[in-house]
Amino acid sequence: MKADKKTDYVAPVDDRGRKAVIDIRDITKVYKMGDIEIPALRGVSLQVYEGEFISIMGPSGSGKSTMLQILGALDQPTSGEYYLDGVNVAKLNDSELAAIRNRKIGFVFQSFNLLKRTTAQRQVELPLLYGNGRDRAKRARAALESVGLGSRLNHMPNELSGGQQQRVAIARAIVNNPAIILADEPTGNLDSRSGTEVLKIFQEMNRENGITTVFVTHDPFVARHTDRMIMLRDGEIVADKVVPDPYIAGTVERPSEASELEGVFRETYYEAPTEAFN
Ligand code: ADP
Ligand code: MG
């Protein structure tokens with residue numbers, strides 16, 4: 001373990017010797033709308049270790065997107081601490097936040113967030129404009145090839161299917177070699193076949209390249225493909241479980257709704273809140 005020079009913060013390590021790249025402690029987030037205060041997170045602590053593939057589940061309004069935005073340094077918490085790869089996020093100013101996001105984090109959203117009238121190649125080059133621009137075109141092409149879009153480089157978003165658009169967004173998220181991928185319902189707008197393709201890409205990036213991945217979903221079948229499942233409810237973590245034998249994307253049929261629900265109830269809902277495991 002190596003203490004960070006500036007904060008003497010020491011990242012926790014799990015039982016496999018992996019360092020926490022995300023370490024939030026007692027985070028709260030209160031949105032203010034005029035006189036009304038909306039508590040979206042009510043004291044959340046979580047450590048995500050290098051190389052983990054975790055899903056954040058929970059009903060609509062439970063705070064999943066809020067949490068992901070804080071994890072991605074897109075928004076600051078109302079209170080609590082956040083160390084991202086050893087850096088105290090609360091101490092950063094806006095330009096330092098932008099720099100850390102650009103260097104360390106790749107985002108993927110439910111609605112793809114692609115620019116219109118911009119080719120796939122160009123979309124993926126954009127994150128490289130901020131840094132050292134050498135080999136920009138080549139790196140963008142390689143990222144697109146790695147998500148199976150090597151033959152779609154000059155297509156505009158409206159010339160691509162939903163699944164292909166999401167793969168462009170994934171290529172854009174990984175082109176900078178981020179340490180962490182954060183994805184907010186990335187399969188939420190896709191049919192099940194495209195969803196499986198996208199899930200497969202996330203799983204392969206995690207397993208083959210060791211990219212730490214945090215995946216928000218409300219689909220228990222999707223979560224079943226990750227290594228660890230966090231359940232949020234009303235702004236609190238109510239369960240934190242290792243997924244036994246995660247499914248390999250594309251190899252398992254989606255179960256019927258009834259058995260799927262039964263499995264989730266058995267695995268998560270009836271469980272008393274667990275201690276965050278370390
Ligand atoms: P989820 O992604 O699980 O559906 P969110 O994080 O989007 O949940 O929302 C959590 C709570 O915070 C909800 O009650 C939501 O209405 C509220 N909320 C989210 N974003 C804002 C915002 N920008 N301003 C005010 N309230 C918000
Ligand atoms: Mg959401």
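Start at A73, which comes after helix α1 and has a positive phi, near 60 degrees. Helices here are DSSP runs of H or I with at least four residues, strands are runs of E with at least two, and both are numbered from the N terminus. The model is predicted, so local features need pLDDT of at least 70 and side-chain atom pairs count only at pLDDT 80 or more, while totals for chains, interfaces and linings use all residues. Residues are numbered from 1 along each chain as its sequence is written, with chains lettered from A and ligands numbered from 1 in the order in which they are written.

**The whole chain**

Select the protein chain: eight helices and ten strands are found in it. Of its 278 residues, 39% count as buried. Buried is taken as 20 or more other C-beta atoms within 10 Å of a residue's own, exposed as 12 or fewer, and partly exposed as in between, with C-beta atoms placed from the backbone. Among contacts between residues at least 6 apart in sequence, 70% join residues at least 24 apart; a contact requires C-beta atoms, placed from the backbone, to lie within 7 Å.

Now select residues 64-71, helix α1. Six of its eight residues are buried, namely K64, T66, M67, L68, I70 and L71.

Show ligand 1 next. Which residues are around ligand 1? Y31, M33, I38, A40, G58, S60, G61, S62, G63, K64, S65 and T66 make up the shell, with "near" set at a C-beta atom, placed from the backbone, within 6 Å of the molecule. The elements that give two or more residues to this shell are β1 (20-33), β2 (36-49) and α1. Helix α1 supplies the largest share, three residues. By class the shell has four nonpolar, seven polar and one charged residues. In this scheme Ala, Val, Leu, Ile, Met, Phe, Trp, Tyr, Cys and Pro are nonpolar, Asp, Glu, Lys and Arg are charged, and the others, Gly among them, are polar.

**The six-stranded sheet**

Colour the strands of the sheet in the order β6-β7-β8-β3-β9-β10; the sheet is open and its pairing is mixed. Its edge strands, β6 (105-109) and β10 (236-242), each pair on one side only. Two strands are called paired if DSSP finds at least two bridges between them. Neighbouring strands of the sheet are turned by 15 degrees against each other on average, direction ignored. Helix α1 packs on this sheet and touches β3, β7 (180-184), β8 (212-216) and β9, and its direction makes about 155 degrees with that of β8. Axes are lines fitted to C-alpha atoms, for helices over the stretch in contact, and angles run from 0 to 180 degrees between N-to-C directions.

Zoom in on β3 (residues 53-57) and β9 (residues 228-233), which pair in the parallel sense over four bridges. Within this pair, S55 stands opposite M229 in β9.

Strand β6 runs parallel to β7, joined by five bridges, and F109 stands opposite D184 in β7.

**T212**

Pick T212, in strand β8. Why is T212 counted as buried? Because 24 other C-beta atoms lie within 10 Å. Leaving out residues up to four places away in sequence, T212 touches V21, V48, E50, G51, E52, A179 and I180. I22 is 190 residues from T212 in sequence, yet 9.5 Å from it in space, C-alpha to C-alpha.

Five bridges join β1 to β4, and two join β4 (residues 79-84) to β5. In the latter pair, Y83 stands opposite N88 in β5. Strands β4 and β5 form a hairpin with two residues between them, and D85 in the turn has a positive phi of about 50 degrees.

**Last stop: A98**

Finally, select A98 in helix α2 (residues 94-104). A98 counts as partly exposed because it has 14 C-beta neighbours inside 10 Å. Draw a line to L74: 24 residues lie along the chain from one to the other, and the C-alpha atoms are separated by 8.4 Å.

Definitions and conventions
Contact = placed C-beta atoms within 7 Å.
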